[in-house]
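Let's take a friendly walk through this model and look at its charged pairs and its surface. Have the sequence and the 3D view at hand as you read.

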Amino acid sequence: MGEAGFGDIDIRIRVKGGGYVSQIYAIRQAIARGIVKYFEKFVSEAKRAEIRNIFLNYDRTILVGDSRCSEPKKAGGKGARSKYQKSYR
């Protein structure tokens with residue numbers, strides 16, 4: 001990997017929404033997925049599988065997104081789980 005493997009690839013990524021950290025994770029996921037697709041289309045299927053395994057062994061979230069998201073707000077409180085304080089007097 002490194003300069004020998006990816007020296008001829010130009011990458012442009014635009015992100016919108018979310019916070020700084022989630023944008024960074026989205027960028028690294030987009031780069032990794034783009035590299036895997038590039039190797040699938042222009043190099044070979046065997047090299048694609050090798051690169052994919054390298055990414056998955058390093059960190060699974062590079063290719064597979066994190067499915068956790070914020071829970072929607074419900075009625076009766078200011079957040080998803082919190083409720084307004086009850087008064088007995």
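Where does Val 15 lie? This is a predicted model, and in it Val 15 sits in the loop between helix H1 (3–6) and helix H2 (20–43). Its relative accessibility is 34%, so Val 15 counts as partly exposed. Together with Ile 11 and Ile 13, Val 15 makes a nonpolar surface patch of about 220 Å².

Now to the charged side chains. The structure holds five salt bridges, including those in this table:

| Salt bridge | Closest N and O atoms |
|---|---|
| Asp 59 with Arg 28 | 3.2 Å |
| Glu 45 with Arg 48 | 2.9 Å |
| Glu 71 with Arg 81 | 3.2 Å |

Take the pair of Asp 59 and Arg 28, bridged at 3.2 Å. Asp 59 lies in the segment after helix H3 (45–58) and Arg 28 in helix H2, so the pair ties together parts that are 31 residues apart in sequence. Asp 59 is partly exposed at 26% relative accessible area, and Arg 28 is partly exposed at 24%.

Glu 45 and Arg 48 are three residues apart in helix H3, so about one helical turn separates them. Arg 48 is buried at 18%, whereas Glu 45 is partly exposed at 45%. Both residues are also in contact with Glu 40, which is found in helix H2 and is partly exposed at 37%.

Finally, Glu 71, Lys 74 and Arg 81 are linked in a network of salt bridges. Within it, Arg 81 counts as exposed at 65% relative accessibility, while Glu 71 is partly exposed at 37%.

Conventions
Residues are numbered from 1 along each chain as its sequence is written. This is a predicted model: local features need pLDDT of at least 70, side-chain atom pairs count only at pLDDT 80 or more; totals for chains, interfaces and linings use all residues. Side-chain values use heavy atoms; hydrogens and water are left out. Patches are made of residues with over 30% relative accessible area and no salt bridge: like charges are joined within 9 Å, nonpolar side chains (Val, Leu, Ile, Met, Phe, Trp, Tyr) within 5 Å. Accessible areas come from the Shrake-Rupley method with a 1.4 Å probe; for residues, only the protein chains shown count as cover. A salt bridge is a side-chain nitrogen of Lys or Arg within 4 Å of a carboxyl oxygen of Asp or Glu. Helices (H or I, at least four residues) and strands (E, at least two) are DSSP runs, numbered from the N terminus. Buried means under 20% relative accessible area, exposed over 50%, partly exposed in between (1.4 Å probe, protein chains only). Contact means heavy atoms within 4.5 Å. Lists of a residue's contacts leave out its neighbours within four places in sequence.
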